[in-house]
Amino acid sequence: MAIDDKTRTELEAAAFRRLVDHLRTRTDVQNIDLMNLAGFCRNCLSNWLKDAADAQGVSLSKDESREAVYGMPYETWKAKYQGAATPEQLEAMKKVHPHGH
């Protein structure tokens with residue numbers, strides 16, 4: 001099936017918005033769990049958004065890109081939803097990302 005560039009971009013944007021919406025509702029899933037399982041987290045996603053903005057010459061700060069992903073300021077999300085990582089989570093993170101995140 002051939003999809004033109006405009007349609008592909010629209011579909012990719014819709015998928016991105018759906019992923020962000022899904023992650024916003026799954027506040028029980030910690031970033032470290034995402035990193036250990038999938039190799040990326042909400043912060044990665046916000047960094048990719050900022051990278052895309054930078055590449056297009058669009059002004060978007062790190063805080064703004066994180067708020068676009070988290071749906072609120074990052075510090076607010078951390079205070080409300082981020083728990084302390086367990087020793088098991090930290091050990092898994094070392095195995096998956098031995099040089100850090």
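Reader: What covers the buried residues of H3?
Author: The cover includes helix H1 (5–25), H2, helix H4 (62–70) and helix H5 (74–81). Buried means under 20% relative accessible area with a 1.4 Å probe, protein chains only, and helices are DSSP runs of H or I, at least four residues, numbered from the N terminus. This is a predicted model, where local features need pLDDT of at least 70 and side-chain atom pairs count only at pLDDT 80 or more, while totals for chains, interfaces and linings use all residues. Residues are numbered from 1 along each chain as its sequence is written, and side-chain values use heavy atoms, with hydrogens and water left out.

Reader: Which residues of H3 are buried?
Author: Arg-42, Asn-43, Cys-44, Leu-45, Ser-46 and Ala-53.

Reader: And what follows H3?
Author: Gly-57, with a positive phi near 75°.

Reader: Switching to the core. Which residues are in the largest nonpolar one?
Author: Ten: Val-20, Leu-23, Ile-32, Leu-34, Met-35, Cys-41, Cys-44, Leu-45, Val-69 and Met-93. A nonpolar core joins buried Ala, Val, Leu, Ile, Met, Phe, Trp, Tyr and Cys residues through side-chain atoms within 4.5 Å.

Reader: Which element gives the most to this core?
Author: H2, with three residues. H1, H2 and H3 are the elements that give two or more.

Reader: What does Met-35 touch, leaving aside neighbours within four places in sequence?
Author: Met-35 is in contact (heavy atoms within 4.5 Å) with Phe-40, Cys-41, Cys-44, Met-93, Val-96, His-97 and His-101.

Definitions and conventions
Buried means under 20% relative accessible area, exposed over 50%, partly exposed in between (1.4 Å probe, protein chains only).
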